[in-house]
Number of protein chains: 2
Amino acid sequence: MKDDMNGAQSLIRTLVDSGVEVCFANPGTSEMHFVAALDSVPEMRGVLALFEGVVTGAADGYGRMAGKPACTLLHLGPGLANGGANLHNARRAHTPLVNVVGDHALYHKGFDAPLESDIDSLTGWTEGWSRTSTDTGKVGADAAAAVAAARALPGRTANLVLPADVSWGEGGVAAAPAPVPAPDAVPDSALAAVAEVLGSGESTVLLLGSGATLERGLVAASRIAAATGVKVLVETFPARLERGAGLPAVERLGYLAEQVQWQLTDVRHLVLAGATAPVSFFAYPGKASELTPEGCAVHTLAALGSDVVDALERLAESVAPGVAPVLQEPSRPALPSGELTPQNWAEVIGALLPEGAIVSDEANTSGLMIPMVTAGGPRHDVLTLTGGSIGQGLPVAVGAAVACPDRPVVALQADGSAMYTISALWTMAREQLDVTTVILNNRAYAILRMELGRVGAEGAGPVARSLLDIGGPDLDFVKLAEGMGVPATRATTAEELAEQFAAALAEPGPHLIDALVPSLI
Amino acid sequence: MKDDMNGAQSLIRTLVDSGVEVCFANPGTSEMHFVAALDSVPEMRGVLALFEGVVTGAADGYGRMAGKPACTLLHLGPGLANGGANLHNARRAHTPLVNVVGDHALYHKGFDAPLESDIDSLTGWTEGWSRTSTDTGKVGADAAAAVAAARALPGRTANLVLPADVSWGEGGVAAAPAPVPAPDAVPDSALAAVAEVLGSGESTVLLLGSGATLERGLVAASRIAAATGVKVLVETFPARLERGAGLPAVERLGYLAEQVQWQLTDVRHLVLAGATAPVSFFAYPGKASELTPEGCAVHTLAALGSDVVDALERLAESVAPGVAPVLQEPSRPALPSGELTPQNWAEVIGALLPEGAIVSDEANTSGLMIPMVTAGGPRHDVLTLTGGSIGQGLPVAVGAAVACPDRPVVALQADGSAMYTISALWTMAREQLDVTTVILNNRAYAILRMELGRVGAEGAGPVARSLLDIGGPDLDFVKLAEGMGVPATRATTAEELAEQFAAALAEPGPHLIDALVPSLI
């Protein structure tokens, strides 16, 4: 086949040889040769989604769990725009992701056909790596470069724009995998400087970010803490956090500025490991944007993109030789009873969370108790809303389930946020993914109710409040799920939720529970 | 109130004074002061959508029907990205639209908070007018300028980026409406040149585009045709086309290059009125991009943005003084019977289309017969998929219904396309809009099945075909609609469709019919 590949075939062959095995796709006419080429490279699995935000969010979830990129297939500029919000979240998660964007044939672009647009503006917006393939013979090399760029730490979106004629042209050449640049090693001097801070006896926080929130980083940090008394925190929205019994338990930095200020009270030193100094999620009148307290010095142990885990392990060897990490003991809440509340639904999840679960957490205000009630549960991963653009949770669950078919995926999903990318349910049904979705249905943009007060927006009356109220009509997620082929039930009590959650976990394939949990706010 | 307005209040007051009465919104924290300000300017109607693609598509539909802009309210870069695809369609429709994009406070932008992104890349992509308000005292003036820019012919998206501190700051000043630049008048010399072409006796086509597809333009073109024998065509995807009994009937240029070539066979002159010379929607191997035949001269009567209707009327006075237009006689198909087919469902619509209907047509392959069977029906408007980015039809129907509450809206909607912006149904229910949606449910991306063959993609096998098949699981649009508060029924025969369509039209508020129409392809 090598001698008569077209561009699309050489692209897919190169991607597969570079370790990219899954393509989340929502194609159009300009991508038909890519679609056709899937039959000639059976190692690439095509997963169809009905909306591009599901495509990009699934690629994000896949990349977070697989530790290597999936690719997407998107239809020109508008398809890329539709996928943009979850590419934003993927950017904040530093997820490796190869974004294949079909375009008009090069010779067709000058004619301003209806779907023509300035794709470079959109690829630029993703702040990743971008290249347009302009030569069929080099598509393979472009693809190999894209994979390497996506994988280089800390991970990024690599956009490969594929004009239709470059895709259908003959003379494609598959390329060997390109070397992934090694991360910068953290110099001994940086370790020594931090070690000195840790030895000062002054109140210090070690903040873990990208690359440091899996077992190795957490264990090293816990050893450092055990030896030096440093307090360890994880950034507010980690891309992937390993936790549960047998792992060091770490608190996350809060979402609200007030929480962060409380967590950092009297802290004199903030040591960053793959994280940045905390800033307020939004601006609020009269409140500071930077949340590092006055008089607190910021030290960078390991910058984003450096070998953060190696730095933590070397620091642990230096300041905590022979010291063991503190590991979480098993502990679960009891199964609660009664009408669902913002607290007891979380206890149900904590009581029943299965071993090895992957939790896609977009529960927002409804999920405040979740970290607490699952801390001592069986070992699991948590994937969070890294970029703050809601509508990530269900697509990320799709991608995680594709990456880890042997692990149960639990999507804890706020109602308003679910609606941005609700067709992710259809892909769950189509691929029979083992995802249990729990919708926290409080019939409001509850977080905005809270924010309306926090920003000091005076004069808000019934008109303003009605724009934050998504009841009227109430969303019936049971019908929505069934309309897309996902079996669904409704829970109004803790007992019902427990029974339905256990049943959903026991049966393979996707399920949804529409949990009528009243708003906290 | 004038002396103590904040920026948001001055913005909304100015918009209202400039004729902008509706805000389609999907807000977040950075937009809370805008939301709160809605209570202080009750003339602005806020319409909530659950996804930004519905917001922008609704603003497009509103602008097409109202002939003036609605505004949007979007949440930072990711919200704008989510609205991007339907802004692309609005750009191709030349719809006046004021896009209000909230952003972080100016002083907060440098801190790279999670939702920070390069909004200018995205506003630039829309190829409209863009400005960031940086001074609370000038927000009103910026808003007035945005409305004027949006309204200047041929119409465009005006992006107004509103940082949160500029919005909440005190010292807002409402501005008077800014003058809308008058369109260029077409010079007599251009009319004379076209008149000479029309007098040549050679085969000529007059192609009508933006501004020329409503009654005045159509009547003038028909008079010119009656006097000179010129053939009148409308561009493939008009933003708004008036048609039906009592109006001149005009054929649209085809979607497929082969259709256009047939329509333009032996044509020696192509005269453009608000349109551009036809190009192929996509590129196909070995086929031309430009569809103007060899040896056909292209003449511009009136360029986009000039006073196209005035030019047509003056030309009619010159070449067809006293000549009457040819008006369509009333005629309707008979009500068909039997299992639904790609033909008979259209006949049902043709037989029952109500007087004054607004038809949002995203029926795609299923809708090929619709223009024919509705040509002699009662007078109606057709809104089409101008930019080719699917997922426009339901949001445009929302906007049209808000703009024209006294007219019935009929959304003819392909199944695959519906899923991009399906939550438009919820806004229809919330606002109790009189929209009857007919889903053409063939359980496939049928257009892509056709295109897979047309692009000559060889080697496509079961994997490729499965990516164009959106059955498995079948989408149940009755459940999806009911899940969002829209009453729904399913039709499998022409009789059922007729009964359900008539019942839906007879009752106010939204309805959906899931019509199981087999694929043509």
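Which residue in β15(B) is the bridge partner of B:I358? In β15(B), that partner is B:V409, and the sections below place this pair in its surroundings.

## About the model

This is a predicted model, in which local features need pLDDT of at least 70 and side-chain atom pairs count only at pLDDT 80 or more, while totals for chains, interfaces and linings use all residues. Residues are numbered from 1 along each chain as its sequence is written, chains are lettered from A and ligands numbered from 1 in the order in which they are written, and side-chain values use heavy atoms, with hydrogens and water left out.

## Two copies

Two copies of a chain are related by a rotation about an axis and a shift along it. Here, a rotation of 180° with 0.0 Å of shift along its axis brings chain B onto chain A with an RMSD of 0.0 Å, the superposition being by least squares on the C-alpha atoms of residues with pLDDT of at least 70 in both copies. The two copies are thus related as by a two-fold rotation axis. Of the interface residues of chain B, 100% are also interface residues in chain A, so the copies meet through the same surface.

## The sheet in chain A

Strands of a sheet pair through backbone hydrogen bonds, either parallel or antiparallel. In chain A, seven strands form an open sheet with mixed pairing, in the order β9-β14-β13-β15-β16-β18-β17; strands are DSSP runs of E with at least two residues, helices are runs of H or I with at least four, and both are numbered from the N terminus, while two strands pair if DSSP finds at least two bridges between them. Strands β9 (241–243) and β17 (488–491) of chain A stand at the edges with a single partner strand each, so one side of each is left without a neighbour in the sheet. From one strand to the next, the twist averages 20°, where axes are lines fitted to C-alpha atoms, for helices over the stretch in contact, and angles run from 0 to 180 degrees between N-to-C directions.

Within this sheet, strand β13 (residues 358–362) of chain A runs parallel to strand β15 (residues 409–414) of chain A, and five bridges join them; A:D361, for example, has A:L412 in β15(A) as its bridge partner. Helix α15 (residues 393–403) of chain A lies across β13, β14 (380–384), β15 and β16 (435–440) of chain A, running at about 175° to β15(A). Helix α21 (residues 494–506) of chain A lies across β15, β16, β17 and β18 (511–515) of chain A, at about 155° to β17(A).

## Strand β13 in chain B

In chain B, five of the five residues of strand β13 (residues 358–362) are buried, so this strand is largely enclosed by the rest of the structure; buried means under 20% relative accessible area, exposed over 50%, and partly exposed in between, with a 1.4 Å probe and protein chains only. B:I358, B:S360 and B:E362 point one way from β13(B), whereas B:V359 and B:D361 point the other way. Four bridges join β13(B) to strand β14 (residues 380–384) of chain B, which runs parallel to it, with B:S360 standing opposite B:L383 in β14(B). Strand β15 (residues 409–414) of chain B is also parallel to β13(B), and five bridges join the two.

## A buried aspartate

A:D415 is found in helix α16 (residues 415–418) of chain A. A:D415 is buried yet has no salt bridge, and the nearest side chain of opposite charge, A:R443, is 6.3 Å away. Here a salt bridge is a side-chain nitrogen of Lys or Arg within 4 Å of a carboxyl oxygen of Asp or Glu; Lys and Arg count as positive and Asp and Glu as negative, with His and the chain ends not counted. Leaving aside neighbours within four places in sequence, A:D415 is in contact (heavy atoms within 4.5 Å) with residues including A:I439, A:L440, A:R443 and A:F477.

## Backbone details

Most residues other than glycine have a negative phi, and most peptide bonds are trans. A:D266 has a positive phi of about 65° although it is not a glycine; A:D266 lies in the loop between α11 (257–263) and β11 (269–273) of chain A and is exposed, with a relative accessible area of 63%. A cis peptide bond joins A:G472 and A:P473, with omega about 0°.
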